[in-house]
Structure formats: structure tokens, C-alpha cells
Amino acid sequence: MTFTVDDAPWWTGAVVYQIYPRSFQDSDGDGIGDLRGVLQRVDHLADLGVDVVWFSPLYRSPQDDNGYDISDYQDVDPLFGTLEDLDAVVEALHDRGIKVVMDLVVNHTSDEHPWFVESRSSTDNPKRDWYWWRPARPGMQPGTPGAEPTNWASFFSGPTWEYDEATGEYYLHLFSRKQPDLNWENPEVRQAVYAMMRWWLDRGVDGFRMDVINLISKAVGPDGSLADGPATTGALGDGSGQYMHGPRLHEYLQEMHREVFDGRRAGLLLVGETPGATVEDGALFTDPSRRELDMVFTFEHVGLDHGPGGKFDPRPLDLRDLKAVLGRWQAGLADVGWNALYWDNHDQPRIVSRFGDDGEYRRESATMLATVLHLHRGTPYVYQGEELGMTNAHLRSFDAYRDIESLRYVQETRALGHTSDDRLLAGLAAMSRDNARTPVQWDASPQAGFTTGEPWLPVNPNHRSVNAEAERADPRSVFHHYRRLIALRHDDATVRLGDFTMLLPEHPHVYAFTRELDGDALLVLGNFSGDEQRVDVDATWDGAEVVIGNVDDPAVPHGGLVRLAPWEGVVLRRVAGAATGG
Ligand code: TEU
């Protein structure tokens, strides 16, 4: 086992809460959340009991991708407040024993960052090589369709290359054209990033969540060439083989560790966002002896409901796939490394709408999903509003959407004439990132207590019943269930460190596993359906003690048989002596 009770790092017992500042709490009536707003809500976080807050980007930004396009890494965007406001928030959180992790977006900057402004100014500018500039494809007229240096498709639709008239070359942007990729091959770029990271740690933050950190190394030939990827749609191809887990990625991460974290390691949290990572990659990133990262966000489990046409062409989840994927990550990081556990974040639809039932069984399914996730081995992440059982936005028209990924997808798909508007809208309603980005629902008042103005994205009408005030008043609520799960992790070594064993891998509706540590054993059962389910565990669980449940009369096995109510989730502790079978 990677860690024992005696040497486990602090974050094995921690729960992280993600704040998406624009949608958390507005204090000045402009309809956009801000830092003074966060200050009003720190007690909500303290009551929930979380150990760490991760802030999505607060830095100066043109907000093309809601702050993931940064024009000054060392200042706060005026939309959110000032550096002094941030200091006040950090202090208020630290006072409550909550650490603060900053988003680190260094695969790319904004095109309005002074580095890029210089870089694009001339081919011989000293910062030219800080980004990926390339001429048109040989024999092609620069700026014409198909003349892009490679065929890579952007995460946000269309090509990854933007033609820049001023110098007659293209620059690379894996995301929007306002997010040019930094050239990590250049040691000056890396040193500038490390200096900025040290500056934040010196200011008192406790670590970083590293945006698409596995994309920073690109496969570049000795002559500077970049290769095409396999063709996908139209003229475009999948370039991920050229920029995901590139040849120098681990070298860069180890260098970053030496330059930024060595000598001040205790108490920090380093979590990487790594789309496309396999379990084997995960083990390389998080093996403590390699000195790279503490944990990474995997994407496999949130890709299982993507259909043949991609994420906006969803298909129903097959629970067996979910168990296979998460079980594989549990097994693969059992002896080395550590998992980050999540259902929701600012890029994903709301879990209760996605894998649960956001109607009749909202409370039951949200609490069951939380139970299953939080009982895995790893560090759980709670995304703002998840602890309230917030649901998808259920937006009904194209104009309601704000997210650049959704808008670009609509534009491209319509241009290609690939699908009907109805299907497009259904895809967005199920999968758009805006589902996660509607304002946090604090109370039943007209704008849910989020703002006194007009919110940048509409408040979900269900805030009249789904809101923090109502949740806090009801002891059976989703909020109190999350609070209990977080406390359980703090108190229970088996939850933190116990070995994980998946049960019933072929059952289509029940998620079942055990956690065991030094003779102590927990059984976790989750019914992913609106029907009663009867399953056979084994008789050693007869009469087991209920640790946490989400229905009035939680399921306990008799003769090895257990009956789960619709969307029931329960954690049982084996009673001493029962395991002997005698
Ligand atoms: O996301 C990276 C990523 O791969 C995605 O989840 C993605 O944005 C999209 O959902 C693909 O379908 C990170 C950030 O979390 C995201 O908000 C940013 O837009 C992106 O990087 C660029 O910085």
C-alpha cells in the first residue's frame, strides 16, 4: 500500500472544495461573483468542513474562457476585486483552518498577455520563441483554408492555428484563438512560470491545481517540425498524440518540483488536470518517489456517456463501465500514487442530472452518488453547489448559453450542417459546461441570494426549493449528508487508507465495494436506479452496523442478502467476529 496510517500525507484525509468565482457570490450587484462575495460565505465552507478551497482563475483576464485566458498572472481581475481582497479571503479561510489552492494555467496565456503581445510583434522579437509560431504548410498560400501548419483540431472546434497577418505566420492554440500555447521547450518560459509560482507560494497560498498540465510538452522534431494527427472530421485531425503526454512532460514536472516546491513542501497540495491520462500515466505523475504531483484528475469516468459524435452526442451510462474504470484506477494506484476523486467541476454537467435523478429522487440520488464517491480511496473534490444537490440548468435556447466551448461547437456544427437544431440543443442541455456555471443557489429569493443585479447566467428556477438555506434547515438534506461524509473521512482511517475491493462488477444497477484496514471492514452499496434492487453480498455482513445511509431504514444484509431502496446509498461496518465465519 502506498501510504500507511503513520506516514500518510495530510491530503489523504482532506476534502477539497472548488469555487468558480464568477458564479459563487456577488457582492456589488454587477451580476458576477467576486472575492468580497466569497468573504460573505466562508462560514458555509467551514460548516461543511472542507480542508481546502481551490479557486478557478481569479487573475486578470479578457474572460474569453472565463479566466482560463490569463493576461497577468500576478494580479486579480477587477471583476473579482483586488489582490488585497484576495489576501483577506485567504486570511479568512486560513483562520478557519482551510487551505487555499490557486488554479495554474500555464499551457497557454491570453493573447493579451504582454508576453504574447511582444511575441507577435515581429519574427525577431526576443519573446518570439515563447509561443509556437510556424509558417503555412509548404506550397500553400498563408491564411487560406487547409494551409495551417498541422491538421490538429482545437478542443473548442476548428483548427488549432491562427494566422497572424502582421508577421505572416500562424500561432498554436489548443483552446480558443485567444489562448496561445506557451512554448515550454524554451527554458526562459519555464523559469518565468516557476518564478510566478514561487511568488504565489511566498504570498501564502497552499498549492496549485494545474490546468491541462499534461499538454505542456509537444512532440517537436529536431528541425522544429510538428506532425499531423489521424484525420477526424473534414480536413481536421486528432493531434493529441503530438501534444498529450509529450516527450518532455515528466522532465518538466520534475524540474518544476525542484525549482518551486523543494524545501517548502509540507502542507502544499499539487493536483494536475490530465485529460486523456491512463492509469499508467496516473501512476507516473503521482508516485511520490518521482517528485512530480500529489494526484491527478482522470477523465475516463466522465467520458463514458460521450456518444459516437463526442461529448455533445451523449448516451446513457452503463454502470458496469463506470465500475470498470474507477475500479481500474483504484487498483492501479493502490501500491503507488493517489487518486483525485470527482463527479463535478466547472467543465462537467451536474452529477445528479447526469448519473442520478434530478426529479423525484434528487435528494436520494445526490446523496447516494456522494456516498459512493467519497468512500473511494483518494481525495474527494466537491464542486460548488454539488453539496446542495444543484441540478443542470435546463436551458432551452441557444442564446441562453455563454460558454465558449458550447458556442463554438454550435457554430461549427451548424456550418457543417451535421445535425438538427433540436439535437444540438439536446446535446447542450445534457453536456454544456454552463450546466455547472449557473449561480450558486443560496436562498429562495428572486436571484437566489447570489446577486442584487442581473446574473451573468440565469439562476436555475428550481432555486425556490433547491437552495442552501433550505438544505441547512433539513437534517436529511444533501448538504448535511456531504457534511457527514467529510467528517467521516476526517475521523476514519479505513475511509482514508483502507484497501479497495470492487464487488458485483457485472451488476447493471448496484455499485458495491469494500474498504479494509487492519481487520476493520466497510461495505459500500449504491443503487443507481429508481427501482428496488436485491443483491447477494455474503453472510459475514449480516447484522453489520450502519455508518451512514440516505434512507430512513438503511439496508442491512440478512443471510447475505440485501434489499436496496431506489437510489439508496449505504456504508456498513462489519461487526467484529462476524468475519471469521464461525
Ligand atoms: O479544461 C481542459 C479540458 O480538457 C476540458 O475539460 C475542456 O475544457 C472541455 O470540457 C473539453 O470538452 C481546462 C479547464 O478546466 C477549462 O475550463 C478550460 O477551458 C481549459 O482547460 C482551457 O484552459
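**Rings, cavities and a loop proline**

Both W343 and F355 are buried. In this predicted model, the two residues also form an aromatic pair of the edge-to-face kind, with 5.9 Å from centre to centre and 85 degrees between the planes. W343 belongs to the loop between β14 and α10 (351-354), while F355 belongs to the loop between α10 and α11 (362-374), so their pairing ties together parts that are 12 residues apart in sequence.

A pair of aromatic rings is described by the distance of the centres and the angle of the planes. The count of aromatic pairs in the model comes to 32. Another of them joins F3 and W11, again edge-to-face, at 5.8 Å centre to centre and with 80 degrees between the planes. F3 is buried, and W11 is buried as well. Ring pairs can also link up into a group: Y59, Y73, W115, W130, W199 and W200 are joined by them into a cluster.

Rings also occur together with charged side chains. R41 lies over the face of W442, 4.0 Å from the ring centre. In a second case, the charged end of R414 sits over the ring of F398, at 4.4 Å from its centre.

The next topic is empty space inside the model. Rolling a probe the size of a water molecule over the atoms shows where empty space is left. How many cavities of 30 Å³ or more are there? The count comes to 5. The largest cavity has a volume of about 70 Å³, and its lining consists of T298, H301, L326, W329, Q330, N339, A340, L341, Y342, L373 and H376. Two elements give two or more residues to this lining, namely α9 (319-332) and β14 (340-341). Which element supplies the largest share? That share, 3 residues, comes from α9.

The last stop is P288, which is found in the loop between α8 (279-286) and β11 (295-297). By contrast, P288 and F80 are 36 Å apart in space, C-alpha to C-alpha, and 208 residues apart in sequence.

Note on methods
Residues are numbered from 1 along each chain as its sequence is written. Side-chain values use heavy atoms; hydrogens and water are left out. On a 1 Å grid over the protein atoms alone, a cavity is a set of points where a 1.4 Å probe fits but cannot get out, and a pocket is an open set with protein on both sides within 12 Å along at least five of seven lines; lining residues have an atom within 4 Å of a point. Grid points are joined across faces, edges and corners, and a volume is the space filled by probe spheres set on the points. Helices (H or I, at least four residues) and strands (E, at least two) are DSSP runs, numbered from the N terminus. Rings of Phe, Tyr and Trp (its six-membered ring) pair if their centres lie within 6.5 Å; planes under 30 degrees apart count as stacked, over 60 as edge-to-face and the rest as tilted. Buried means under 20% relative accessible area, exposed over 50%, partly exposed in between (1.4 Å probe, protein chains only). A charge sits over a ring if NZ of Lys or CZ of Arg is within 6 Å of the ring centre and within 35 degrees of the ring normal.
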